[in-house]
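Have the viewer open while you read.

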Amino acid sequence: MSAEEINVIWLQGQGCTGCTVSLTGSTHPSLADLLTGYLPQAANINLAFHQTIMLPHGEKAIDVLRSAANGELDPFVLVLEGAIPNEELAKKMGGFWCLVGEDEGKPMTINDWILKLSPRAAAAVAVGTCACYGGIPHGTPNPTGARGLLDFLGRDWRSKLNLPVICVPGCPAQGEHVAETLTHLVLTARGFLPVPELDEHNRPKFIFEKTAHENCPRAGTFAEGEFSEKFGEPYCMGLLGCKGPIAHCDVPRRGFVEGVGGCPTIGSICIGCTEPEFPDPPFSP
Ligand code: SF4
Ligand code: SF4
């Protein structure tokens, strides 16, 4: 017997689409694995709406959102990529920051769609630091009043599965972090896995519990007191401004695509892109 179909509604607010690019680079599992049922327990996932990847466009695309709002696509996971602007600020200037089609002749902002869809969502996942906590659009002086889904819906918000907003930060989010979290939620919804344990910033602990420093292949040189004095040297980059000791992330161990890459692993300092304060202090250069 095949499992009930789970739809994914992926909205994009103030972002650069980097998290979508990351997801398409995920390999374990890949986006194709998820959408073609390669993992039997996680089969029947339908990416019903995604502005960048979906085939329908125009009215047909917006019809998907209308159907989801009417309950025709239950159960669905609501995913947000990008931050949510303050449309009241835009209104004062006679415009909008972030429109996604129309409904009943009324222009719909990303805020409108989130408010319309979130009460029906089985789970809500914020992908990337912009969607989680505001990220770069939220950085000082934050001219658009940008904020993340956790703040927009509130820490007390609960989905139909009784889950809070789940945050998968990163700038961009690492592709497998996104794919694994979505897969975990599908397996939770189907009774195969317990609810993922979250940390104080609603990040899944199985990914974000340890710091980049704890996961860093240069940590041995840190312990030996060997520090790089300029980029290109193979030692700990603490003296060059690395934020690894205060950033929660497994990318230095896991890599970015197929085990390759990973910030300090390949000679770039950690800039703390998974933390709520990013890109403001203590994560500004
Ligand atoms: S390079 Fe950064 S993350 Fe790696 S050991 Fe040094 S301080 Fe820690
Ligand atoms: S190592 Fe640091 S900069 Fe790199 S992805 Fe992780 S938190 Fe972001």
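1. Start with glycine 145. Skip its neighbours within four places in sequence, and glycine 145 is in contact with Ile84, Pro85, Asn86 and Leu89. Keep in mind that this is a predicted model. Glycine 145 sits in the loop between α7 (135-138) and α8 (149-153). As for asparagine 86, 59 residues separate it from glycine 145 in sequence, yet the C-alpha to C-alpha distance is 4.9 Å.

2. Next, the packing. The largest nonpolar core holds 36 residues, and Ile9, Leu11, Phe49, Leu65, Ile114, Leu117 and Leu149 have the most contacts inside it. Elements giving two or more residues to this core include β1 (6-12), β2 (45-50), β3 (76-81), α5 (110-117) and α8. The top contributor is α3, which gives six residues.

3. Have a look at phenylalanine 49. Not counting residues up to four places away in sequence, phenylalanine 49 touches Val8, Ile9, Trp10, Leu11, Met54, Ala61, Val64, Leu65 and Val100. Another core lies apart from the largest one: it has 26 residues, among them Leu31, Ile45, Ala123 and Val125.

4. Domain 1 (6-208) and domain 2 (210-285) each supply at least three residues to the lining of the largest pocket.

Methods:
Residues numbered from 1 in each chain as written. Chains lettered and ligands numbered in written order. Predicted model: local features only at pLDDT ≥ 70, side-chain atom pairs only at ≥ 80, totals over all residues. Heavy atoms only, no water. Helix = DSSP H or I, 4+ residues; strand = E, 2+ residues; numbered from the N terminus. Contact = heavy atoms within 4.5 Å. Core = buried A, V, L, I, M, F, W, Y, C linked by side-chain atoms within 4.5 Å. Buried < 20%, exposed > 50% of the residue type's maximum accessible area, 1.4 Å probe, protein only. Domains from an automatic or database assignment.
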